[in-house]
Amino acid sequence: MAETAATLPNADSPPTSNLVQNPRPDGPLYAGFSRFELELEFVQCLANPYYLNHLASQKVMQDTSFIEYIRYLQYFTQPTYTRYLSYPGPSLKALQLLQQEKFRQDILSPDIVSRLAAEFLLASIKSQ
């Protein structure tokens, strides 16, 4: 089927991801991505316990602005936004755990990281 000019993307419009239908379409773009797409990517990265360990080892988790940002990202727990997560179980569990100061300290332990990695892997397999 031939595409008409009406269905072709406008060459003057900024690039957008073909993977995510942005539920928040208005707003500026950052390197061609919407704020929602960047937040989605970050929340999905939180499903990686080794990344969480890295953030903790760099003392990022001690910063009050990080804690506030995690609180802000709780909107991903709403079904409207959860559906965009590739592995919602591990991502949402990480968001929940990161609200706890004890977890933000415990994630420095290699034993905790290994156990969490195993749990998240099982959750990811079950969700497929």
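## Close-up views of a predicted protein chain

View 1. Phenylalanine 33 has its place in strand E2 (residues 33-34), where helices (H or I, at least four residues) and strands (E, at least two) are DSSP runs, numbered from the N terminus. This is a predicted model, in which local features need pLDDT of at least 70 and side-chain atom pairs count only at pLDDT 80 or more, while totals for chains, interfaces and linings use all residues. Residues are numbered from 1 along each chain as its sequence is written, and side-chain values use heavy atoms, with hydrogens and water left out. Phenylalanine 33 is partly exposed because its relative accessible area is 37%, given that buried means under 20% relative accessible area, exposed over 50%, and partly exposed in between (1.4 Å probe, protein chains only). Together with Tyr30 and Leu38, Phe33 makes a nonpolar surface patch of about 280 Å². Patches are made of residues with over 30% relative accessible area and no salt bridge, with like charges joined within 9 Å and nonpolar side chains (Val, Leu, Ile, Met, Phe, Trp, Tyr) within 5 Å. A salt bridge is a side-chain nitrogen of Lys or Arg within 4 Å of a carboxyl oxygen of Asp or Glu, and accessible areas come from the Shrake-Rupley method with a 1.4 Å probe, only the protein chains shown counting as cover for residues.

**View 2. The largest nonpolar core.** The largest nonpolar core has 26 residues, and those with the most contacts inside it are Leu46, Leu52 and Phe76; such a core is a set of buried Ala, Val, Leu, Ile, Met, Phe, Trp, Tyr and Cys residues joined through side-chain atoms within 4.5 Å. Two or more residues of this core come from each of helix H1 (35-45), helix H2 (49-57), helix H3 (64-72), helix H5 (88-97) and helix H7 (110-126), and H1 gives the most, with four residues. Leaving aside its neighbours within four places in sequence, leucine 46 is in contact with residues including Leu52, Ile70, Leu95 and Phe120, where contact means heavy atoms within 4.5 Å.

**View 3. An edge-to-face aromatic pair.** The structure holds 10 aromatic pairs, and the rings of phenylalanine 36 and tyrosine 84 form an edge-to-face pair because their centres are 5.3 Å apart and their planes are at 75°. Rings of Phe, Tyr and Trp (its six-membered ring) pair if their centres lie within 6.5 Å, and planes under 30 degrees apart count as stacked, over 60 as edge-to-face and the rest as tilted. Phenylalanine 36 lies in helix H1 and tyrosine 84 in the loop between H4 and H5, so the pair ties together parts that are 48 residues apart in sequence. Both of these residues, phenylalanine 36 and tyrosine 84, are buried.

View 4. The side chains of arginine 35 and glutamate 39 meet in a salt bridge at 2.7 Å, N to O, and both residues lie in helix H1, four residues apart, about one turn of the helix. Arginine 35 counts as partly exposed at 46% relative accessibility, whereas glutamate 39 counts as buried at 2%.

View 5. Aspartate 106 and lysine 102 both lie in helix H6 (residues 101-106), and their side chains meet in a salt bridge at 2.9 Å, N to O. Aspartate 106 is partly exposed, with a relative accessible area of 27%, while lysine 102 is exposed, with a relative accessible area of 55%.
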